[in-house]
Amino acid sequence: GDDFEGAGSIEEELQAILSVHPMNQEAMEHFIRRKGGTADTLRRMLGKNIIREVDFAGRTFYRNAKDG
């Protein structure tokens, strides 16, 4: 689903979620918007190598960069 919940900064929450399982692009965008972030939030996290983008079966997913 697209319903992820947590407490803390967007980056901290996403790292916690992504340490458990990848998140698809739609869920990521929804989560960031709901938390008051923007597309810049996602670009910043990718640029800082906090998360990475992975293509799987023609869909985009995000996972912790440190998870390999």
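**Helix α2**

Helix α2 spans residues 25–34, and its buried residues are A27, M28, F31 and I32. Buried means under 20% relative accessible area, with exposed over 50% and partly exposed in between (1.4 Å probe, protein chains only). These four lie on the same side of α2, because they cover an arc of only 130° around the axis; the arc is that of the directions from the helix axis to the C-beta atoms. Helices (H or I, at least four residues) and strands (E, at least two) are DSSP runs, numbered from the N terminus.

This is a predicted model: local features need pLDDT of at least 70, side-chain atom pairs count only at pLDDT 80 or more, and totals for chains, interfaces and linings use all residues. Residues are numbered from 1 along each chain as its sequence is written, and side-chain values use heavy atoms, leaving out hydrogens and water.

The cover over the buried residues of α2 includes α1 (10–18), β1 (23–24), α3 (39–47), β2 (51–56) and β3 (59–64). Leaving aside residues up to four places away in sequence, M28 touches L14, L18, M23, L42, I51 and Y62, where contact means heavy atoms within 4.5 Å.

M28, F31 and I32 are also among the residues that touch the most other members of the 14-residue largest nonpolar core. Such a core is a set of buried Ala, Val, Leu, Ile, Met, Phe, Trp, Tyr and Cys residues joined through side-chain atoms within 4.5 Å. Helices α1, α2 and α3 each supply at least two residues of this core.

As for the ends, a side-chain oxygen of N24 comes within 3.0 Å of the backbone nitrogen of E26 at the start of α2. After α2 comes G36, with a positive phi near 90°.

Terms used:
A polar contact is a pair of N or O atoms within 3.5 Å; within protein, one must be able to donate a hydrogen and the other to accept it, and residues adjacent in sequence count only if both atoms are side-chain atoms.
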